[in-house]
Each structure stands twice: as structure tokens, then as C-alpha cells.
Amino acid sequence: MLTGTQDFQGEAQRDFRDLASEEFDTRTLLRNAADQAVVRKYEDFLIVDTDSHHYETEAFKEIAEYIDDPVMRYEAKFQGHSRGGFTAETGSYQELAGRITRYPLRKTEKVPTTKHRDLTLMERWMDAMGVDMAVMFPTPMLNLSNCPRIQVEVTMAKAYNRWLCDKILTEDPRIKSMLYLPFHDPEASYEIVKEFADRKGVIGFMVTSTHYKANYDNAYAKTYHALQERNLPLGFHAAFTWTDQSLQLCNRFIGVHALGFSWCNMLHMTNWVTNGMPERYPNLKTLWIESGLAWIPFLMQRLDNEFMMRTSDCGLLKRKPSEYMREMFYTSQPMEMVDNREALELTFKMINAETQLLYSSDYPHWDMDLPSTIYDLPFLSEQSKRNILGANAQRLFNFDPVWSPVKLERKAARAAKAGRAAEPAGV
Amino acid sequence: MAEVRVCKKGEIAEGGTRLVKSGPIEIGVIFHKGAYYAYRNVCPHQGGPACEGLKMPQVVENIGEKGVHLGQVFNEEDMHIVCPWHGWEFHLKDGTHVIDPKHRLKKYDVIERGGEIYVSI
Ligand code: FES
């Protein structure tokens, strides 16, 4: 077992590794990412990952203790909170039947007992990738909206948010979150904004986009107003669900994932724009999370085209839909990158990526993107890269930068080396 | 051309992988059905440690008369190296991506001599 940095480095310096006897460790898995961080000198600028995840299932015993209602608490502890395997109605095999090795192996990863496990795991991948700060979201809870019992959604949202604030966000200033809103219950959503808006590390609130609720409903007006007043962004975090009737026509995960993750945000975006929400809440910033980017130009063109024929349908809009969309914020992952450099460049232009795009990894999920997916784009200036990788997020969320200690160390080592080189001979 | 010693012949179990270093370069040596294969442990996708992934056979979809779908089987004759970061798959035999051969793992020659295995760099 590797217990500390020294042991880990010792392991790294051995001249061979036999996979048959090696234990799973995030730092080993991401060793090549760490090399990329060094080569690209990520220590020279702040990197903020605006969409990453942990598995709240692993801390579920702790979270369940935060459930107010004693009957639900008892039930939660008895039932647990996990996915159902091969025959489950959600049917997910996103780990490609074990091909994405971190899915089955992460639970075996050893961590020191001096810190919360989730903090250690977060810090390990962040430091490897060169990420200074991360916005952390849960994983199975992205599908909590499918739970038919609205009270369970509300109860879990409150318990999880309390646990998150108490155990994670207060402990590590590098980790932030946009908290879960139980969108099926507008009143409870509003209460959650009031209860948590001032908690440390809370930088906004988030709707998981698979909610079958219309976001223009007046029932949400006071929630949006409260967010706008506090200058806290509202995120729509995409998700897929195989319980969606149209997606049930898909028999392959690729179909349900590729469509589901963009469709839900296309739907919510369309309602948001055509109902003139950007006019009703002009200072409420929205962030569209984890739908990739290709859907945005499509929707801009589609809505603009129809809008010019049907302006009477959208009485609140003073400009074309794409103009409002160009002022919103988007996270980058999963960025469509295969063989389409020109399309990607045009997409960046159409969404004003230089100021509106925020890098996200989605780590540890199967389709994660490294910072190099942005940093290596040949059509971006150095400043645009830095904006997308960190500065845009810093501006949107208005937080003080907290640097990765690994990057600080590297920067100091470089400075010391440069200082030594600059010293005149004989001194 | 330098040689890096990997191990004694037989030390890597069937289907096993050993990783060796030559300076900053890490090479995965895989033993499968009596043969050794060596590739640089860097995936052309986002740079993942491809050699550390599972070795899985090609999935084949069986199609019958009139295009009817008959199900899936594994083709054990075409083993793949599956990169653990995102699942890109490469032919074990030549390191090319299974769909688009312009993406490939860097291949090295493996030398067996005097009961020892070496990689030529
Ligand atoms: S880095 Fe290998 S599949 Fe992405």
C-alpha cells in the first residue's frame, strides 16, 4: 500500500511495473496527464474545472445521517443508494463493461485516514491534471429527478447539500459546488437557495436537466429572482435517462448518451429563450453543463430561423435567440473533437468562446477531457486558452484563486533554477 | 539502436503486461498466445496509458439473411488493447486504431535472446 507522496514517488521510480501486481491509484492512472501538465507549464496560469464529479454513493452512510425525517432516514440507510446492475431499468453500462478501468477499480483505491476519502481522491486527480480548483457535482444524484417520490428528491437534496457543505466545501477551498435544486418542488428549491446561498464554497445552484418540468413556470420566479439578487449563476447539468420514452428506442448506450445529454439542454434552452427568461432576469447568469458544444450552433440557427418568421410567438425577445445564447456560459466537455477542426473553430466563434466557454473535465466519468483538449487547440491564442481554462470561470463565479500546491512547488522550483542560472559564476 | 531488458521469458503471464522505462519513455510489453508485443504507453487520443488497459477481443455483430441481426460474439483472433481513459481500441497485432488506422500506438520490436526479452528502441 502506498501511504504518502514519498512512497508513491518511490513506486514511480522503479524501472518496471507489473500490472498483475499493481494496486489502483488515481495518480498512476493519470501519470501521463501529469506529464502533460509539466510540458505545457500549467503552473503559469490558473485552471478551473467547472464540471467534475465524485461518487456520493461511497459516502452515502454519512449523507443519510443528514436526512431530517427519521422514517426516511431509516429507509435510506436500509436501501442504500446505488445503481442496479445488468437488469436495472436504467440499464447503464457507461463503463464499457470494465474497459474504463477506473469505474470498477476506484473503490479499491487506498487513501490515508487523516482526510475525507472524497477530498483525497479529488486532490489526486486535480494535482495530476494541473487543475487548481474544481466545481464538484454528485454522480447518481444526476438521475434523482427520475425518482417518482418527490419527497425523496427533496429530502436527498437537503441531506446531500448539508453533507457537502459540512464535510467537503468547508474543508478544501479548492473545491466548490453548484448545489442541487429539487426542481420538482419549486418551493423546496427556493428554500434551498435561501438556506445554502451563503455557505462556504457554494458558487451557484444547479438543475439536473432530465427534470420534466418547464423552467419558465412562474412557480420558479422567486428562485430565479433570489439567485439574480445574490449574483449566483444557475446551472443546467445535462444527464441521460434510459427511462425517457423516446430514448427507450435506443438499444445501445452510445445512443442514449449522445442524444440524452444534449437533448435535455436543448429542450431547457429552447424554453428558457423563447419565454424571454434572459429579459425577465437580465442579470441571472446561466451555465449549460455537459452537453458538449455541437448542439449550440444547431439550436442558434434553428431558433433564429423560426424566430424571424414568428416574432409574435416570443413577445419578450428584443433580439434573435442566438444573441441571447451568445451571452450565456457553457462548459466544454465532452467536446466534439474527431476530424472536425473547422466545425469546432466555427463553434468557438459562434458561442464567443473566448469569454463564454469554461473548461470542464467531467472526471472521473468515461468521456472526460483533459486541459490539453483546450490548450492544444491551434486556433486559440494563448490568452483565449487561459480564459477558457480558468479566467472565464473566475470571472463568472467571482472567487479568489486557490492554487494547486503541486503547481506552486513546480513554479518555485523553476524560479529557483532560473535564479541559480542567472547568478554570476563564482558567487 | 538501444535495447531495454524487459524480463525473463515466461515471466509475463498469458495476457499480462509489463511496463518498462527508457528515460522518459514508458513501453508496455504484452504477452499473448506465445507472442510479445511492445507499444509506447501513450494513447494518440488524449495521451492515456493505453497499454495499462484491458485486452479485449473484437466484438462482432452477426448478420444473417436479408440483413437480419443475429447477435454479438467475440472474435478472439483479433485482440485489442483498450485504453483505460476513454476506451479507444487498438489492434494488439499492429497498434492501429480499430476504425481509423491513422491513429496508432507507437510500436517497438521485441527481441528474444538467451531466454531474455528485450525491446529495441
Ligand atoms: S486517451 Fe486513450 S482513449 Fe482517450
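Which residue forms a salt bridge with Arg18(B), and how far apart are the closest N and O atoms? The legends below start from that pair and refer to a predicted model throughout.

**Figure 1. Salt bridge between Arg18(B) and Asp18(A).** In this predicted model, the partner of Arg18(B) is Asp18(A), and the closest N and O atoms of the two residues are 3.6 Å apart. Because Arg18(B) belongs to strand β2 of chain B and Asp18(A) to strand β1 of chain A, the pair joins two chains. A search of the whole structure, taken over all chains, finds 38 salt bridges.

**Figure 2. Strand pairing across the two chains, β1(A) with β2(B).**

**Figure 3. The open sheet of seven strands, built from both chains.** The strands follow one another in the order β1(A)-β2(B)-β3(B)-β4(B)-β8(B)-β9(B)-β1(B), and their pairing is antiparallel. The edges are formed by β1 of chain A and by β1 of chain B (3–8), each of which pairs on one side only. From one strand to the next, the twist averages 25 degrees.

**Figure 4. Pairing of β3 and β4 within chain B.** Strand β3 of chain B (residues 25–32) runs antiparallel to strand β4 of chain B (residues 35–40), and six bridges join them. One of the residue pairs to look for in this view is His32(B) with Ala35(B), the latter being its bridge partner in β4(B).

**Figure 5. The contact between chain B and chain A, by residues and area.** Chain B contributes 30 residues to this contact, whereas chain A contributes 26 residues. Between them the two chains bury about 2200 Å², and 46% of that area lies on carbon and sulfur atoms. In chain B, the residues that lose the most area to chain A are Gln46(B), Trp85(B) and His86(B), which together account for 29% of what that side buries.

**Figure 6. Polar contacts and salt bridges between chain B and chain A.** Six salt bridges are counted between chain B and chain A, and one salt bridge brings together the side chains of Glu26(B) and Arg17(A), with an N to O distance of 3.0 Å. The count of residue pairs in polar contact between chain B and chain A, with both residues at pLDDT 80 or more, is 17. On the side of chain B that touches chain A, the elements giving two or more residues are β2 (17–22), β5 and β6 of chain B, and β2(B) gives the most, with five residues. Sorted by class, this side of chain B has 13 nonpolar, nine polar and eight charged residues.

**Figure 7. The open sheet of three strands in chain B.** In chain B, the strands are arranged in the order β5-β6-β7 with antiparallel pairing, and the edge strands, β5 (55–63) and β7 (89–91), each pair on one side only. The twist averages 50 degrees from one strand to the next. Strand β6 of chain B (residues 69–82) is joined to β7(B) by three bridges, the two strands running antiparallel, and Ile81(B) stands opposite Phe90(B) of β7(B).

Notes:
Residues numbered from 1 in each chain as written. Chains lettered and ligands numbered in written order. Predicted model: local features only at pLDDT ≥ 70, side-chain atom pairs only at ≥ 80, totals over all residues. Heavy atoms only, no water. Pairing = 2+ DSSP bridges. Helix = DSSP H or I, 4+ residues; strand = E, 2+ residues; numbered from the N terminus. Axes fitted to C-alpha atoms, helices over the stretch in contact; angles between N-to-C directions. Contact = heavy atoms within 4.5 Å. Buried area = accessible area lost by both parts, 1.4 Å probe. Salt bridge = Lys/Arg side-chain N within 4 Å of Asp/Glu carboxyl O. Polar contact = N/O pair within 3.5 Å; in protein donor to acceptor, adjacent residues only side chain to side chain. Nonpolar A, V, L, I, M, F, W, Y, C, P; charged D, E, K, R; others polar.
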